[in-house]
Amino acid sequence: MENTGSLPFLLVTANVGSVFEDPSRLLNIWIQEFLSNVASRRPAFIALHLQEVGGKTYEKSMEYVQEFIKNLCESAELADYNRIRVYLDEDYNSAEHFTALGNLYFAIRTIDNLQMWNFLTHEWETVEGKNIHT
């Protein structure tokens, strides 16, 4: 990537509860619209912050959440994004701690020296490959 002093990015926040309430009708539409925006904008970095991942009945929608993540990470539109971080709260059995939040980050391969702060070790870490944290 030519160093022009700027980095195009796409920041998205969405409440996807209704998508997971009717996944057979809405899930692929939502994914297609998101990927269409990625393809038309070609950002170098994408932050996708989601509320109500899995909908109101997460335990019934878990399989759709995994399909959702797989479809995004393996899409042709995101093929050039070789550094991916996914953070999902999937512990719906702990009602007092369950947030149903999801954070997905995609960095295009042309970004040099990508690092992320590790709050456990209090150090910057180089970001490589795909990691899914649940």
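Which residues are linked in a network of salt bridges? In this predicted model, they are Arg42, Asp80 and Arg109. The views below take the contacts one by one.

**View 1. Asp80 meets Arg42 in a salt bridge.** Look for the side chains of these two residues, where N and O are 3.3 Å apart. Asp80 sits in the loop between helix 3 (58-73) and strand 3 (83-88), while Arg42 sits in the loop between helix 2 (23-41) and strand 2 (45-51), so their pairing ties together parts that are 38 residues apart in sequence. Asp80 is partly exposed, at 35% relative accessible area. Arg42 is also partly exposed, with a relative accessibility of 36%.

**View 2. Asp80 forms a salt bridge with Arg109.** Here the closest N and O atoms are 3.8 Å apart. Arg109 belongs to the loop between strand 4 (102-107) and strand 5 (115-118), and Asp80 to the loop between helix 3 and strand 3, so this pair ties together parts that are 29 residues apart in sequence. Arg109 is partly exposed, its relative accessibility being 45%.

**View 3. Arg42, Asp80 and Arg109 together make a network of salt bridges.** With both contacts in the picture, you can find Asp80 bridged to Arg42 and to Arg109.

**View 4. Glu74 and Lys70 are joined by a salt bridge.** Their side chains meet with N and O 3.1 Å apart. Is Glu74 buried or exposed? Glu74 is exposed, with 53% relative accessible area, because anything over 50% counts as exposed. Lys70, at 47% relative accessibility, is partly exposed. For the model, the count comes to 4 salt bridges, and the views here show some of them, including this one between Glu74 and Lys70.

Terms used:
Residues numbered from 1 in each chain as written. Predicted model: local features only at pLDDT ≥ 70, side-chain atom pairs only at ≥ 80, totals over all residues. Heavy atoms only, no water. Helix = DSSP H or I, 4+ residues; strand = E, 2+ residues; numbered from the N terminus. Buried < 20%, exposed > 50% of the residue type's maximum accessible area, 1.4 Å probe, protein only.
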